[in-house]
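Colleague: I would like to learn how to read a model like this one. Please take the features one at a time.

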Amino acid sequence: MISIKDISKKTGYSVTTVSRALNNHSDVNENTKTIIKQAADEMGYVPNLIAKNLVSGSSKTIGFITNKLDQDSLIDNFAVRVFLGMFELEHSYEIILIHYDSKYFSSKSFDEIMRERQLEGAVVQGFDEADIFVKQAYESKYPTIFVDIGFENNTTSYVSSNLSKALTLGMDEIDKAGFTDVAIVVGKEATYITKSWL
């Protein structure tokens, strides 16, 4: 694997200058940057993101944590659609998907999962409000966004489904189909979404 030291040897510039040029610092002149970047390309240099993140103190990584992945219907799964939708937003963060399997993670707290993966924040989806993991996330110092869990404080916020619009669309379809007897089936009584329906 090609390192900054290898590029330094090839170009004759110091390791510090090579590093600053590759990171596009303004105190390195454009001609020097061009020489160093060209050498890096020719040598097949790939930056070590882990080392870079350790130096900067920022992982630029967000975890999308869900416990609702259904192996039989991944394409239609709501969690997967929310996860994929995050990539449509303009941001400079990497996003990793973490399937919270209680058998594996039961001994790990929210903060432990965040530290182990060097995550800067999380999106938490698919949990009940009463879940201990949600409580840990709510009380954590890590910035967290809950999906369809109506908790909010200084470090957390939430987004939820547009239930009013969903109800209107659903009732319009039922009306078009000519049905007159309608029942609405909701989830667990304790969940934010169910409370919103009732």
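**Strands, rings and loops**

Modeller: Strands E3 and E4 pair in the parallel sense, over 4 bridges. Keep in mind that this is a predicted model.

Colleague: Which residue in E4 is the bridge partner of Val124?

Modeller: The partner of Val124 in E4 is Phe146. Val124 of E3 is also the bridge partner of Ile65.

Colleague: What do E3, helix H8 and E4 make together?

Modeller: They make a β-α-β unit, and the unit is right-handed. Helix H8 covers residues 132-139. To read the hand, point the strands away from you and follow the path from the first strand over the helix to the second; a clockwise path is right-handed.

Colleague: How many residues of E3 are buried?

Modeller: Buried means under 20% relative accessible area. In E3, 5 of its 5 residues are buried. Both faces are covered: Gly121, Val123 and Gln125 lie on one side, and Ala122 and Val124 on the other.

Colleague: And across the protein chain, what share of the residues is buried?

Modeller: Buried residues make up 29% of the 198 in the protein chain. The chain exposes about 13100 Å², of which carbon and sulfur atoms supply 53%. Its secondary structure comes to 10 helices and 5 strands.

Colleague: Now the aromatic rings. How many aromatic pairs are there?

Modeller: Rings pair if their centres lie within 6.5 Å. The count comes to 7 aromatic pairs. One of them is Phe110 with Phe133: the ring centres are 5.4 Å apart and the planes stand at 70°, so this pair is edge-to-face. Phe110 lies in helix H7 and Phe133 in helix H8, so the pair ties together parts 23 residues apart in sequence.

Colleague: Are Phe110 and Phe133 buried or exposed?

Modeller: Phe110 counts as buried because its relative accessibility is 0%. Phe133 is also buried, at 0%. For a tilted case, take Tyr138 and Phe151: their centres are 5.4 Å apart and their planes are at 55°, so the pair is tilted. This pair links distant parts of the chain, with Tyr138 in helix H8 and Phe151 in the loop between E4 and E5, 13 residues apart. Tyr138 is partly exposed at 30% relative accessibility, and Phe151 is partly exposed at 23%.

Colleague: Which residues form the aromatic cluster?

Modeller: Tyr100, Phe110, Phe127, Phe133 and Tyr142 form one cluster.

Colleague: Last, the backbone. Where is Gln118 found, and what is its phi?

Modeller: Gln118 is in the loop between helix H7 (110-116) and strand E3 (121-125). Its phi is near 50°, a positive value in a residue other than glycine. Gln118 counts as partly exposed because its relative accessibility is 41%.

Colleague: What is the phi of Asp148?

Modeller: Asp148 has a phi near 60°, again positive in a residue that is not glycine. Its place is in the loop between strand E4 (144-147) and strand E5 (156-159). Asp148 is buried, with a relative accessible area of 15%.

Colleague: What share of the contacts joins residues at least 24 apart?

Modeller: Among contacts in the protein chain between residues at least 6 apart in sequence, the share is 47%.

Definitions and conventions: Residues are numbered from 1 along each chain as its sequence is written. This is a predicted model: local features need pLDDT of at least 70, side-chain atom pairs count only at pLDDT 80 or more; totals for chains, interfaces and linings use all residues. Side-chain values use heavy atoms; hydrogens and water are left out. Helices (H or I, at least four residues) and strands (E, at least two) are DSSP runs, numbered from the N terminus. Buried means under 20% relative accessible area, exposed over 50%, partly exposed in between (1.4 Å probe, protein chains only). Two strands pair if DSSP finds at least two bridges between them. Rings of Phe, Tyr and Trp (its six-membered ring) pair if their centres lie within 6.5 Å; planes under 30 degrees apart count as stacked, over 60 as edge-to-face and the rest as tilted. Contact means heavy atoms within 4.5 Å. Accessible areas come from the Shrake-Rupley method with a 1.4 Å probe; for residues, only the protein chains shown count as cover.
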